Amino acid sequence: MAEPNVLVKVENLKQYFPIKRGLLQRVVGHIKAVDGVSFDIYEGETLGLVGESGCGKTTTSRAILQLYRPTAGKVYMEGRDLTAMQGEELRQMRTRMQIIFQNPYSSLNPRMTVGRILTEPMQVHGVAKGKEAQERVAELLHLVGMNPYFVNRFPAEFSGGQRQRIGIARALTVNPSFIICDEPISSLDVSIQAQIVNLLKKLQRELGLTYLFISHDLSMVRFISNRMAVMYLGKIVELAPSEEIVTTPLHPYTQALWSAAPIPDPEIEESRERIVLEGDVPSPANPPKGCRFHTRCPQAMDICRQEEPLLQELQPGHWVACHRYGN
Amino acid sequence: MTLLKVRDLEVRFYTKDGEVRAVNGISYSLDQGETLGLVGESGCGKSVSTMAMVRLLPEPPAKITGGQVLFEGEDILHLKPADRHQVRGGKIAIIFQDPMTSLNPVMTIGDQIAEAVQVNLGLSGEQARQRTIEVLTQVGIPKAEDRLADYPHQFSGGMRQRVMIAMAISCRPKLLIADEPTTSLDVTIQAQIVELVRRLQQELNMAVIWITHDLGVVARIAKRINVMYAGYIVETGPIKRIFKRPSHPYTVGLLGSVPRMDLGTDRELYYVEGAPPDMIRLPEGCPFHPRCRYRTERCLQERPLLVEVEPEHRAACWNIEGLLADQANQPMGEGRA
Amino acid sequence: MTTNALTTPVGGEDQVRYRSFWVGAWRRFRRNKLAMFGLGYAVFISLVAIFAPFLTPYAYDKIEPDIALQAPSVAHLMGTDLLGRDLLTRIMYGARPMILVGVVTGLAGLIVGVPMGILAGYIGGVFDWVVTRLVDMFSALPYYLIVLFMVMVLSPSLTNMVIALTITGWVGSCRMVRGMTFSVREQDYIEATQALGIPTWRVLVFHILPQIAPLLLWGFAAGIPSAVFAEAGLSFLGMGIRPPRPSWGQMLGEAGSYWIYWPHMFIFPSLMITLSVLAFQGLADGLRKALDVSTNL
């Protein structure tokens with residue numbers, strides 16, 4: 001089997017936010033939102049990123065795109081180091097990677113027509129202008145399932161699902177190869193979610209896109225992703241192909257997550273064994289020593305309180321960070 | 001024993017854009033100790049109908065234009081404002097989606113819960129305090145006594161939801177209305193809250209109406225469900241029967257469009273065409289027909305009423321046979337026919 | 001392409017409910033009687049000010065002691081003042097400094113305040129710190145005293161009055177703009193512009209500025225009544241436009257000793273000032289209600 005290309009490589013990514021107190025704004029600590037995260041994203045695949053609030057998945061996405069400049073670590077896009085880029089070089093690199101936002105109601109400029117929203121990126125990057133740009137806009141709208149007649153409308157005239165389609169079209173204007181989907185369907189009604197997910201899958205097939213799909217909706221992520229990564233308090237705890245990670249989750253947190261995810265089948269729900277975690281997620285400003293999950297882990301051992309487990313490849317393609325499987 | 005009987009409930013909103021027909025004549029009943037799930041997407045009327053029952057809707061612009069709600073035999077819909085507080089809190093309790101905005105941020109939680117029991121049960125100060133500690137412990141808040149003086153913002157999201165539940169059960173209500181209480185919570189916290197409500201329900205023999213759009217959550221907690229669309233109940237019955245044999249095109253669509261952790265992924269998600277209806281300008285005939293693939297001429301003109309599919313399971317559709325036959329040949333979730 | 005909800009306009013089967021923000025705002029404005037009066041008045045008084053020489057046969061500075069202090073008559077509709085000058089003519093010419101001060105001060109305030117506000121709000125950091133301190137400093141200055149002081153030191157004149165009013169007035173629009181920029185900056189669509197690699201200047205001009213524009217328009221209009229009043233007050237004290245060029249405040253000052261027996265000298269200028277403030281106030285308030293972004297679009 002041919003080695004698939006690595007499109008995006010994340011190496012030991014860290015994103016710390018300083019906590020400032022007092023009149024002089026002294027830095028008293030850091031929120032370690034992302035604390036040493038590494039993974040590869042292969043060309044043409046969808047990598048799902050899941051985790052609960054505060055796990056750092058959104059911050060990771062912003063750090064990859066250099067919307068936050070990472071505190072440490074490297075991000076390679078098509079082989080080039082994004083973290084080392086500045087100014088114009090970075091700006092041009094942005095056409096290779098785009099993002100779709102969660103909230104369709106705030107991700108489009110309410111005072112710009114759909115046409116302008118879509119032609120602007122093209123003009124700015126010299127992809128197309130004038131008549132050519134308009135034609136391309138019509139193409140894109142058609143591609144995302146919308147009537148090209150809508151170019152003169154304002155975002156407020158569209159429903160959530162339609163706005164999301166416009167957001168997707170906007171991401172496509174600059175011909176990216178990589179798109180981060182940050183909870184793109186969470187704000188939509190259930191029946192519309194399916195429409196958008198199907199659209200994303202179709203576009204991936206037709207345009208050869210690579211996705212990083214972030215969501216808290218586990219079943220949706222499983223549905224759309226080839227591989228999934230689970231994050232907890234700024235670290236990746238497990239990474240494996242979707243099928244495997246769902247049927248044989250190895251990390252206790254992953255097991256608890258799957259157990260908690262509701263399945264729309266009353267027969268199954270009735271008979272399921274539930275792992276219910278105790279307590280709340282600790283604060284990223286003060287993560288537990290050792291393994292960050294040990295405070296809630298039903299299988300914690302002594303070593304878990306002292307030493308942080310490393311992310312290791314237990315089986316081909318299946319990475320876990322847990323002392324239960326360590327050496 | 002029937003605790004709640006809703007008959008032909010109708011609610012309208014009068015806005016400057018027109019009259020919103022939010023709830024259009026729904027009827028159902030609920031027994032003591034039973035859990036009913038109200039399922040539907042935004043705008044279908046699930047929240048509005050329950051808020052209307054306890055007169056928590058702002059009237060105007062809302063107006064209850066018809067129907068009866070019998071609670072323990074008494075019509076609570078037409079209670080005088082002065083008498084409504086007897087039902088709220090004491091007999092019927094509500095928990096909402098966002099605990100941050102439904103708890104008073106400038107009152108300690110101890111005070112808030114004590115207030116509820118003092119007003120509704122007439123307990124004295126010390127008795128109220130004891131009861132408060134009792135319910136906080138019951139909902140799983142550790143060291144409840146020490147936390148009485150804490151404010152809502154000092155609790156995490158899941159804990160706040162527990163506090164709200166504590167407040168709700170403090171007066172031993174017969175009916176608990178849970179309006180999307182776990183929608184904004186993380187999945188592991190959601191599981192905790194769902195388990196909590198299940199446990200409390202058994203301990204207190206409470207009836208529960210659980211409102212949600214999440215089919216997975218409702219599968220866990222409800223025994224019967226009402227599927228709502230455009231202010232109507234389009235399917236109702238025991239949850240297992242409905243999930244096994246969905247008999248309304250909307251239910252079929254909903255179930256098919258939700259991916260499942262335990263099923264494979266090499267298919268397209270079955271999706272429902274179009275978008276939720278404009279509640280000001282509902283279509284003629286069946287409200288779902290613009291999006292329905294089983295529609296016939298009749299559907300455009302006449303609105304179908306609930307008919308029996310099997311014992312206790314009813315759906316409002318003119319073409320149930322066609323739908324069931326189709327589903328038998330091609331189980332839902334295998335793409336679009 | 002099949003017709004479905006995606007291809008038909010939102011809001012019903014075939015009804016196009018397209019509403020541009022400005023069109024909707026104009027409709028709301030039109031319904032507000034006081035606002036329309038304000039607008040009408042503004043147009044009217046501007047025309048009077050511009051075309052004053054053509055509207056009156058009299059000169060505003062022709063001194064004729066014989067016909068001094070005459071009550072309103074057919075020949076002099078508002079009567080004459082202490083020096084025999086036609087009051088109506090002077091009232092008409094008096095509109096000029098009022099408009100000049102109102103408009104120019106407003107504009108100057110915008111020109112100074114807006115760029116500083118936007119940059120402070122968008123860039124933040126040290127720049128914001130500097131601008132905020134400047135705003136704090138300037139707003140600590142007692143408005144009237146500073147203006148008085150400046151005008152006294154620099155000698156009374158219209159230009160100096162405008163300068164003085166601008167120096168103290170720019171902080172208002174700056175603060176407003178800075179605040180709004182902060183909140184606009186947090187919106188996802190601004191983050192989207194970053195992700196799309198859209199240059200900062202474009203973001204400021206095409207994305208942020210249009211959001212603030214309604215607020216600015218209102219702020220400009222709202223500043224006019226106070227400028228009018230300020231001008232009237234300063235001219236009353238003799239700190240404004242130099243005689244014989246008339247200003248309503250100045251005329252009020254002249255009417256000081258005469259108002260008991262010759263009330264017309266006092267009534268007409270004060271009527272005009274009151275009317276103007278009321279009208280511009282109504283205009284500004286109407287704009288605020290019509291442009292209120294939180295409830296419309």
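The legends below describe several close-up views of a predicted model. In this predicted model, local features require pLDDT of at least 70 and side-chain atom pairs count only at pLDDT 80 or more, whereas totals for chains, interfaces and linings use all residues. Residues are numbered from 1 along each chain as its sequence is written, and chains are lettered from A and ligands numbered from 1 in the order in which they are written.

**Figure 1. Overall build of chain A.** Chain A contains 11 helices and 12 strands; helices (H or I, at least four residues) and strands (E, at least two) are DSSP runs, numbered from the N terminus. Its radius of gyration is 21 Å, close to the 20 Å given by the globule rule for 327 residues, so chain A is as compact as a globular protein of that length. The radius is taken over C-alpha atoms, and the rule is 2.2 Å times the number of residues to the power 0.38. The C-alpha trace of chain A spans about 70 × 60 × 50 Å along its principal axes. Of the 327 residues, 51% count as buried; a buried residue has 20 or more other C-beta atoms within 10 Å of its own, an exposed one has 12 or fewer, and a partly exposed one lies in between, with C-beta atoms placed from the backbone. Among contacts in chain A with a separation of 6 or more, 63% join residues 24 or more positions apart; two residues are in contact if their C-beta atoms, placed from the backbone, lie within 7 Å.

**Figure 2. Surroundings of A33(A).** A33(A) belongs to strand 2 (residues 26-42) of chain A. Why is A33(A) counted as buried? A33(A) has 24 C-beta neighbours inside 10 Å, and therefore counts as buried. Leaving aside neighbours within four places in sequence, its contacts are Q15(A), F17(A), G56(A), T59(A), G234(A) and P284(A). A33(A) and G234(A) are 201 residues apart along the chain, yet their C-alpha atoms are separated by 5.2 Å.

Figure 3. Helix 3 (residues 114-124) of chain A is mostly covered, with 8 of its 11 residues buried. Those buried residues are V114(A), I117(A), L118(A), T119(A), E120(A), P121(A), M122(A) and V124(A). Their cover includes helix 4 (130-143) and helix 5 (160-172) of chain A, together with helix 8 (200-236) of chain C. Just after helix 3, G126(A) takes a positive phi of about 65°. The contact between the chains takes 29 residues from chain A and 21 residues from chain C. On the side of chain A that touches chain C, helix 3 of chain A gives the largest share, 3 residues. By class, this side has 12 nonpolar, 11 polar and 6 charged residues; Ala, Val, Leu, Ile, Met, Phe, Trp, Tyr, Cys and Pro count as nonpolar, Asp, Glu, Lys and Arg as charged, and the others, Gly among them, as polar.

**Figure 4. The contact between chains A and B.** Chain A contributes 36 residues and chain B 39 residues. Helix 6 (190-207), helix 7 (218-224), helix 9 (252-260) and helix 10 (266-271) of chain A each supply at least two residues of the side of chain A that touches chain B. Helix 6 of chain A gives the most to this side, with 8 residues. The side of chain A that touches chain B divides into 19 nonpolar, 9 polar and 8 charged residues.

**Figure 5. The largest nonpolar core.** A nonpolar core is a set of buried Ala, Val, Leu, Ile, Met, Phe, Trp, Tyr and Cys residues joined through C-beta atoms within 7 Å. The largest has 224 residues, of which V230(A) and V234(B) touch the most other members. Helix 6 (residues 157-169) of chain B gives the most to this core, with 8 residues. Beyond four places in sequence, the contacts of V234(B) include Y229(B), H248(B), Y250(B) and F288(B).

**Figure 6. The two domains of chain B.** The domain assignment, whose bounds come from an automatic or database source, gives domain 1 (2-222) and domain 2 (228-329) of chain B. Their C-alpha centres lie 28 Å apart. The contact takes 22 residues from domain 1 and 16 residues from domain 2. Strand 2 of chain B gives the most to the side of domain 1 that touches domain 2, with 9 residues.
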